[in-house]
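Let's take a friendly walk through the inside of a protein. Have a look at the model, and then we will go through its packing together.

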Amino acid sequence: MKEGAISESIKPLNREPVSLSIMNMVTDYLLSGTLRPGDKLPTESELARQLGVGRNSVREAMKMLSSLGVIEIKRGVGTFIAESISPSMVNPLILGLVFDQGTSQDLIELRLLIDTGVADLAMQKATTEDIEKLERANRRLKSAAETLGDDSNSLRDLDLNFHMTLLEVTRNRLVAKLGRAIYTLFMASIEKSVKADPYKAYANHELVINAIKRRDRGLIKRITSESLRFWMATIDS
């Protein structure tokens with residue numbers, strides 16, 4: 001989008017905190033495609049004039065957008081939509097989920113949805129090399145269970161590494177980025193379940209790998225649910 005295009009589509013702000021309204025306006029334009037990575041924004045004074053607000057409100061909104069990694073402020077050049085979004089942009093979503101986790105059933109349903117969808121997409125795209133990569137990741141978990149004993153942090157990280165590898169196999173950057181962020185919600189419960197029985201986690205991963213090898217969507221859904229049964233019991237407790 002050429003500089004100035006945003007000026008043509010700017011509308012009056014709703015009656016809410018002005019800096020928040022400006023943030024929402026920019027993110028709405030990003031979601032709609034009106035703004036794209038690398039686009040230059042109007043100056044603070046131009047935005048203030050077009051929106052009918054004070055420059056301090058615009059400046060505050062720009063600071064917040066910058067801290068989230070949405071925009072880049074280049075001194076002497078201007079303010080631009082970031083070419084790529086920093087992982088920190090996902091943090092507000094995750095923080096919101098952390099403060100509103102709901103019931104244990106909510107978490108179970110969320111992970112079932114994520115794991116089933118990821119496994120299904122990985123099944124569709126997995127090559128022989130991808131399956132070997134998943135098997136290596138799972139063998140590392142088994143080896144750690146045999147040698148590390150009750151080192152719950154290492155076991156948790158190796159369990160998560162299997163799921164991160166599965167995310168990579170989907171070859172979908174959006175799914176992988178969102179999945180990596182959401183899995184942070186499950187770290188504590190994964191650590192608890194894998195410490196209780198790391199071999200169970202290994203066996204569950206083997207079920208998922210074998211289902212991917214068979215390329216059976218119905219089996220993927222059933223196996224994913226079954227493989228999470230032990231983790232579900234941890235959450236429920």
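A residue is called buried when its relative accessible area is under 20%, and exposed when that area is over 50%. Keep in mind that this is a predicted model.

With those words in hand, turn to helix 10, which spans residues 187-196. Its buried residues are Ser-189, Ile-190, Ser-193 and Val-194. They sit on the same side of helix 10 because they cover an arc of only 125° around the axis. On the face turned away from that buried side you will find the exposed residues Ala-188 and Ala-196. The cover over the buried residues of helix 10 includes helix 6, helix 7, helix 8, helix 11 and helix 13.

Next comes the largest nonpolar core, which has 33 residues. Among the members that touch the most others are Leu-134, Tyr-183, Phe-186 and Trp-231. Helix 6 gives the largest share of this core, seven residues. Setting aside residues up to four places away in sequence, Phe-186 touches Leu-107, Leu-110, Arg-111 and Trp-231. There is also a second, separate core of 18 residues, including Met-23 and Leu-65.

How do helix 11 and helix 12 pack? Their axes lie 9 Å apart at an angle of about 175°, which makes helix 11 roughly antiparallel to helix 12. The table lists the residues that make this contact.

| Helix | Contact residues |
|---|---|
| Helix 11 | Asn-204, Leu-207, Val-208, Ala-211, Ile-212 and Arg-214 |
| Helix 12 | Leu-219, Ile-220, Ile-223 and Ser-227 |

By class, the contact of helix 11 with helix 12 has seven nonpolar, two polar and one charged residues.

How values were computed. Residues are numbered from 1 along each chain as its sequence is written. This is a predicted model: local features need pLDDT of at least 70, side-chain atom pairs count only at pLDDT 80 or more; totals for chains, interfaces and linings use all residues. Side-chain values use heavy atoms; hydrogens and water are left out. A nonpolar core is a set of buried Ala, Val, Leu, Ile, Met, Phe, Trp, Tyr and Cys residues joined through side-chain atoms within 4.5 Å. Buried means under 20% relative accessible area, exposed over 50%, partly exposed in between (1.4 Å probe, protein chains only). Helices (H or I, at least four residues) and strands (E, at least two) are DSSP runs, numbered from the N terminus. Contact means heavy atoms within 4.5 Å. The arc is that of the directions from the helix axis to the C-beta atoms. Axes are lines fitted to C-alpha atoms, for helices over the stretch in contact, and angles run from 0 to 180 degrees between N-to-C directions. Angles under 35 degrees count as roughly parallel, over 145 as roughly antiparallel, 65 to 115 as roughly perpendicular and the rest as oblique. Ala, Val, Leu, Ile, Met, Phe, Trp, Tyr, Cys and Pro count as nonpolar, Asp, Glu, Lys and Arg as charged, and the others, Gly among them, as polar.
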